[in-house]
Amino acid sequence: MSETTGASYAAAGVDIEAGDRAVELMKEWVKKTRRPEVLGGIGGFAGLFDASALKRYERPLLASATDGVGTKVDIARRLGVYDTIGHDLVAMVMDDIVVCGAEPLFMTDYICVGKVHPERVAAIVKGIAEGCVLAGCALVGGETAEHPGLLGEDDFDVAGAGTGVVEADRLLGPDRIRKGDAVIAMASSGLHSNGYSLVRHVLLDRAGLTLETEVAELGRTLGEELLEPTKIYSLDCLALTRTTEVHAYSHVTGGGLAANLARVVPDALHAVVDRSTWTPGAVFDLVGQTGDVERLELEKTLNMGVGMIAIVPEESTEAALTTLADRGVDAWVAGEITDRGNKATGAELVGDYAV
């Protein structure tokens, strides 16, 4: 009898056994994210979350968000470091959810690869699980998809979706903001997960630096700096809403500080942020000076050292800063809410950065 020569899934590049092995390797990390409301484990067709836990709410509002980490995955791929990119994914999703005051509940992920390397996929999930622990949410499931022919064997991308809950009468946002409120900035851990197309173009393509290059201003290699995980603020923001009055949050992601802050400022008011209240980290100067990037272009693309904004009543400022300091969050008063006047947008940066 002749050997079978017909087409097969494996011959087309999809390794089902490798996928099963990846699932087995990731199970221990997913368990670490478990909340009491979660039913079952991974491997089913859907993740289950016991919604009866929401009975304690008078009027629960579900908040949802979805995101990825952009071209930062290319840095992870080049360095062969896969267990931190998941922190970035959780931060991008859950810190959007907490902006409205919602408690993160659960998350699902989607990992797309050119070829399933079980240990590599498990490392990515490990990072996602660790991020979920830091955000206080459960990782209830996900999908690993193998796309041979569309992606190279070492290529991958990650995305995720999350759900949170907030009591209706505790919903944060523009309706709560008042003239005279303080704008409190929370320091970022670096570039976070936005602007990497510009950063890679400037530092790697134009300047010809390598990820292994030791950069004196950074005190470490370029790769280590670029792969620094995004700070996850979810539990810090929830703690702040429990200890003092908060009117709104703004997660500083794509578009920069002013544009994201403007999203939560009502039409009649205006947020003024004073650059002189902080000094952006060295990586921002490195990108700006190396690429001769104008300041406004940098500020439209990068977070410039601020990852989250809290808007609080002026009388709550001291309590808010104390709470954040107790949690190890570097925070400061960066500005205030004023009348809009003839300003075209809801927020602006003024002055020069502190040296």
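Okay, ground rules. Because the model is predicted, local features need pLDDT of at least 70 and side-chain atom pairs count only at pLDDT 80 or more, while totals for chains, interfaces and linings use all residues. Residues are numbered from 1 along each chain as its sequence is written, and side-chain values use heavy atoms, with hydrogens and water left out.

Rings, then. I'm pairing rings of Phe, Tyr and Trp (its six-membered ring) if their centres lie within 6.5 Å; planes under 30 degrees apart are stacked, over 60 edge-to-face, and the rest tilted. That gives four aromatic pairs. One of them is Phe-49 with Phe-106: the centres are 5.0 Å apart and the planes sit at 40°, so we call it tilted. This pair links distant parts of the chain, with Phe-49 in strand β2 (residues 48-49) and Phe-106 in strand β4 (residues 103-113), 57 residues apart. Strands here are DSSP runs of E, at least two residues, and helices are runs of H or I, at least four, numbered from the N terminus.

Buried or exposed? For me, buried is under 20% relative accessible area, exposed is over 50%, and partly exposed is in between, with a 1.4 Å probe and protein chains only. Phe-49 comes in at 18%, so it counts as buried; Phe-106, at 23%, is partly exposed.

Next, Trp-278 and Trp-332, also a tilted pair: 5.9 Å centre to centre, 40° between the planes. Trp-278 is in the loop between β11 (269-274) and α9 (282-291), and Trp-332 is in strand β13 (residues 331-339), 54 residues apart. Both Trp-278 and Trp-332 are buried. Ring pairs tie these two and Tyr-353 into a cluster.

Tyr-353 has a charge too: Arg-275 lies over its face, 5.8 Å from the ring centre. The rule is NZ of Lys or CZ of Arg within 6 Å of the ring centre and within 35 degrees of the ring normal. Lys-231 does likewise over Tyr-233, at 5.6 Å.

Last stop, helix α2 (residues 72-79). Which residues of α2 are buried? Lys-72, Val-73, Asp-74, Ile-75 and Ala-76. Their cover includes α3 (85-97), β6 (156-167), α5 (196-206) and α6 (222-226), where contact means heavy atoms within 4.5 Å. Just after α2, Gly-80 takes a positive phi of about 70°.
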